[in-house]
Amino acid sequence: MKIDLTETTSSKINQALVSARRAIGTPAIGMVLTLVIVTDEENAYDALKSAGDASREHPSRIIAVIKRVSRSPRSRRDARLDAEVRVGSDAGTGETVVLRLHGELVNHAQSVVLPLLLPDAPVVVWWPEDAPADPAKDPLGALAQRRITDAYSAEDPARELAARADSYTPGDTDLAWARITPWRSMLAAALDQQHVELVSATVEGESENPSCELLAMWLADRLKVPVERTVSAGPGLTAVRMETKNGVIVLDRPDGSLATLSMQGQPDRAVALKRRDTAELLAEELRRLDPDNTYEATVKFGVTKLGGPAEPKPAEPGAATAPAAAKKTAAKKAASK
């Protein structure tokens, strides 16, 4: 069920929610949190779809805040609120309210959102793109116990990670961190099987993928060994190589779906390590509402402490690929012994 409201107020939106629930015969819905999405018209559809899919695991009231850009001085002075209320099959397992803010109201979004929050329930704010420099000090971010950003959408992901470290407040997290959860699990399990002394590690992936930097920083922070960040054609993360005194441990995923784990003295194993969509990542982050101390330690480790260039270096034609190919071949031979 959908209800369109033009030039409305937060009070009228709450009344519309109650009326809609009664109309479909569900006056009470067990929702566990309020998810506030701060986005624009271009990205609203994808963000709402991902949030709706995630709500099947976490029934929630989804509030999308869309700030409409005013093109003339007169329209910028005029404050107007339009809303769309969705309940039932149109809103996943919870409720959805789409807010479109015009004029001066753009600068007072928190005043509109506050009366719509579920009472006595956690609040999560998600910026799919264009996150503020300090999410915790943002007026909407200040309402939340959990604040989710996505460094992958930034123009300079490495700089974005540095900004996240500088402004970190307990409750902050990033979808780039959720993307490497399966990698961290597999690497931790591999090291549990072989009690060996590590010498160094290499993380290989796309140049504009902040998950590669986060995984490299996590390894460097936890293992206390030099970690090099190298660049590949992707997709996403493609390989992690850990040099030990007994050989090389390699987790290689060239196609973004199936990975191969190679360890000294053991046969190669195929590992399902597919790239997950935004709904799965969001659902993972909504499972925990307490501060993530591991993420804090990782993001504060610092991108500048990683070894290796962030971008591939130009070289003379025919001279750049030979050393790299030789290095890769040597690593594969070492892993297969």
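User: Two strands pair if DSSP finds at least two bridges between them. On that basis, what is the strand order of the open sheet of eight strands?

Analyst: The order is β1-β4-β5-β3-β2-β6-β7-β8, and the pairing is mixed. Strands here are DSSP runs of E with at least two residues, helices are runs of H or I with at least four, and both are numbered from the N terminus. The edge strands are β1 (2-5) and β8 (172-174), each of which pairs on one side only. On average, neighbouring strands of this sheet are turned by 15 degrees against each other, direction ignored. Axes are lines fitted to C-alpha atoms, for helices over the stretch in contact, and angles run from 0 to 180 degrees between N-to-C directions.

User: What kind of model is this, and how are residues numbered?

Analyst: It is a predicted model, in which local features need pLDDT of at least 70 and side-chain atom pairs count only at pLDDT 80 or more, while totals for chains, interfaces and linings use all residues. Residues are numbered from 1 along each chain as its sequence is written, and side-chain values use heavy atoms, with hydrogens and water left out.

User: How many helices and strands are there, and what share of the residues is buried?

Analyst: The protein has eleven helices and 14 strands. Of its 337 residues, 50% count as buried. Buried means under 20% relative accessible area, exposed means over 50%, and partly exposed lies in between, with a 1.4 Å probe and protein chains only.

User: Which residues does T6 contact beyond its neighbours in sequence?

Analyst: L81 and D82, once neighbours within four places in sequence are set aside. T6 sits in the loop between β1 and α1 (10-23) and is exposed, with a relative accessible area of 61%. T6 and D82 are 76 residues apart along the chain, and their C-alpha atoms are separated by 4.6 Å.

User: Which residues of α2 are buried, and what covers them?

Analyst: The buried residues of α2 are A44, A47, L48, S50, A51, G52 and A54. Their cover includes β2, β3 (60-67), β4 (80-87), β5 (95-102), β6 (123-126) and α9 (278-286). Helix α9 itself lies across β2, β6, β7 (146-149) and β8, at about 155 degrees to β7.

User: Changing topic: what is the order of the open sheet of six strands?

Analyst: That order is β10-β9-β11-β12-β13-β14, again with mixed pairing. Strands β10 (227-231) and β14 (269-272) stand at the edges with a single partner strand each, so one side of each has no neighbour in the sheet. Its neighbouring strands are turned by 20 degrees against each other on average, direction ignored. Strands β11 (residues 237-244) and β12 (residues 247-252) run antiparallel and are joined by six bridges, with T244 standing opposite G247 in β12.

User: Which strands does helix α8 lie across?

Analyst: Helix α8 (residues 210-223) lies across β9, β10 and β11, at about 20 degrees to β11. Helix α7 (residues 181-193) lies across β9 (198-205), β11, β12, β13 (258-262) and β14, also running at about 20 degrees to β11.

User: How covered is α8, and what caps its N-terminal end?

Analyst: Helix α8 is mostly covered, with twelve of its 14 residues buried, including W218 and D221. N209 provides the cap, with a side-chain oxygen 3.0 Å from the backbone nitrogen of S211. This is a polar contact, meaning a pair of N or O atoms within 3.5 Å; within protein, one must be able to donate a hydrogen and the other to accept it, and residues adjacent in sequence count only if both atoms are side-chain atoms. After α8 comes K224, whose phi is positive, near 60 degrees.

Key:
Contact = heavy atoms within 4.5 Å.
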